[in-house]
Amino acid sequence: KVPSQFTDTPSQSLSRFDQELFERASLHQSKGQIDPAIVLWEKFLQKQPNSFTARNNLGLLYYANDEIAQAIYYSEQGLKLRPDEIQLKKNLVRALKVQSAIFEENREFDEAIMNLRRVIQLSSAGEQEAIERQVESLEDFIFEQVRRSSSMEQYQEFLKKYPHSPGNSDEARLWVENRLQIEKMNNHETSLYKSEPEVGMEAR
């Protein structure tokens, strides 16, 4: 499939060489020649580091080439230049969702959640709810593993990462408080036991 592209015309203020780079990169992209288009857009971006068109075309090309991390990187860079560009946001959301699914498949749930939270930031109010439910589902899965571990370290780590996870965070705090209370009582009893004089010593 021929990758879509941002089709801004090159600025007249560009040098002749840079205009030719722009046009050659666009031509390769329009023909679906991904690798040479990437090479040329990257050369152009080195010469024109604030080029919105180059950044976003690279995002589209890397996505078409299944290099999702690079696609996200260039799309984020483009968004810094034009934060209200609707089509760019849609492209970035698409790439983030793909990467999130890969993370989830590889059981890298923290990374998947980070991506989905970024998707929430970029999405409309109507779309946010479904993504938030997906995040909560992943948090539930992570917390179930924490429950099975019965490890203070893992409970505290969960609270550090997910202090507002619905239901889970409150349960985690209660578990930690109870465990600390038990440890405090045990330490107190041990201290009392050690402070008692030995029977043999009293007899002497």
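Modeller: Begin with burial: a residue counts as buried when its relative accessible area is under 20%. This is a predicted model, and in it Trp41 has 0% relative accessibility, so Trp41 counts as buried.

Colleague: Is Phe44 buried or exposed?

Modeller: Phe44 is at 2% relative accessibility, so it counts as buried. Phe22 is buried as well as Trp41.

Colleague: How many aromatic pairs does the structure hold?

Modeller: Two rings pair if their centres lie within 6.5 Å. The structure holds 10 aromatic pairs. One of them joins Phe22 and Trp41, with 5.1 Å centre to centre and 85° between the planes. Planes over 60 degrees apart count as edge-to-face, so this pair is edge-to-face.

Colleague: Which parts does the pair of Phe22 and Trp41 tie together?

Modeller: Phe22 belongs to helix 1 (residues 16-30) and Trp41 to helix 2 (residues 34-47), so the pair ties together parts that are 19 residues apart in sequence. Trp41 also forms an edge-to-face pair with Phe44, at 5.9 Å centre to centre and 90° between the planes. Trp41 and Phe44 are three residues apart in helix 2, so about one helical turn separates them.

Colleague: Which residues do ring pairs link into a cluster?

Modeller: The cluster consists of Phe143, Tyr155, Phe158, Tyr162 and Trp175.

Colleague: Over which ring does the charged end of Arg82 sit?

Modeller: Arg82 has its charged end over the ring of Phe52, 3.9 Å from the ring centre. The charged end of Arg94 sits over the ring of Tyr63, 4.1 Å from its centre.

Key:
Residues are numbered from 1 along each chain as its sequence is written. This is a predicted model: local features need pLDDT of at least 70, side-chain atom pairs count only at pLDDT 80 or more; totals for chains, interfaces and linings use all residues. Side-chain values use heavy atoms; hydrogens and water are left out. Rings of Phe, Tyr and Trp (its six-membered ring) pair if their centres lie within 6.5 Å; planes under 30 degrees apart count as stacked, over 60 as edge-to-face and the rest as tilted. Helices (H or I, at least four residues) and strands (E, at least two) are DSSP runs, numbered from the N terminus. Buried means under 20% relative accessible area, exposed over 50%, partly exposed in between (1.4 Å probe, protein chains only). A charge sits over a ring if NZ of Lys or CZ of Arg is within 6 Å of the ring centre and within 35 degrees of the ring normal.
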